[in-house]
Amino acid sequence: METTNVIIKPLVTEKTTHQQATRNVYAFRVHAGANKRQIKQAVEQIYEVKVTAVRTMNRKGKPRRSRYKMTHTSDWKRAVVELDENSRIELF
């Protein structure tokens with residue numbers, strides 16, 4: 001898998017913004033088949049930073065109503081990446 005296909009988008013929420021400021025931790029939506037090693041390499045190549053730790057979690061899709069029946073959104077994978085204290089990512 002290519003490094004450009006591993007990272008789908010950065011997640012910007014109140015919680016992740018607080019973690020960026022206090023713990024130097026960033027969250028990304030990643031490809032469901034990507035492992036921690038691939039995620040680490042992709043973040044280091046795309047953002048040119050030093051990654052110290054990667055945590056991943058699989059997220060279940062939420063139930064949604066579609067006309068007369070219930071469906072659910074797609075399952076997705078989230079990665080929480082901790083950077084070296086000298087590294088920063090400018091998302092905005």
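This is a predicted model: local features need pLDDT of at least 70, side-chain atom pairs count only at pLDDT 80 or more; totals for chains, interfaces and linings use all residues.
Figure 1. The secondary structure comes to 3 helices and 6 strands. Taken along the principal axes, the box filled by the C-alpha atoms of the protein is roughly 55 × 30 × 20 Å. The protein has 92 residues, of which buried residues make up 30%.

Figure 2. Strand 4 covers residues 63-66 and strand 5 covers residues 69-72. The two strands run antiparallel and are joined by 4 bridges. One of the pairings brings together S66 and K69, the latter being the bridge partner in strand 5. Between the two strands of the hairpin there are 2 residues. The turn includes R67, for which phi is positive at about 55°.

Figure 3. R67 is a residue other than glycine, and its phi has a positive value near 55°. The relative accessible area of R67 is 74%, and therefore R67 is exposed, the cut-off being over 50%.

**Figure 4. N24 in the loop between helix 2 and strand 2.** Helix 2 (14-22) and strand 2 (25-30) are separated by a loop in which N24 is found. N24 is a residue other than glycine with a positive phi, near 60°. N24 counts as buried because its relative accessibility is 7%, where buried means under 20%.

Figure 5. K62 has a relative accessibility of 52%, so K62 counts as exposed under the cut-off of over 50%.

**Figure 6. The salt bridge between E82 and R55.** The count of salt bridges in the model comes to 1. This salt bridge is formed by E82 with R55, and the closest N and O atoms are 4.0 Å apart. The pair links distant parts of the chain, with E82 in strand 6 (residues 76-83) and R55 in strand 3, 27 residues apart. E82 has a relative accessible area of 28% and is therefore partly exposed. R55 is also partly exposed, because its relative accessible area is 34%. Partly exposed denotes values between the cut-offs of under 20% for buried and over 50% for exposed.

How values were computed: Residues are numbered from 1 along each chain as its sequence is written. Side-chain values use heavy atoms; hydrogens and water are left out. Two strands pair if DSSP finds at least two bridges between them. Buried means under 20% relative accessible area, exposed over 50%, partly exposed in between (1.4 Å probe, protein chains only). A salt bridge is a side-chain nitrogen of Lys or Arg within 4 Å of a carboxyl oxygen of Asp or Glu.
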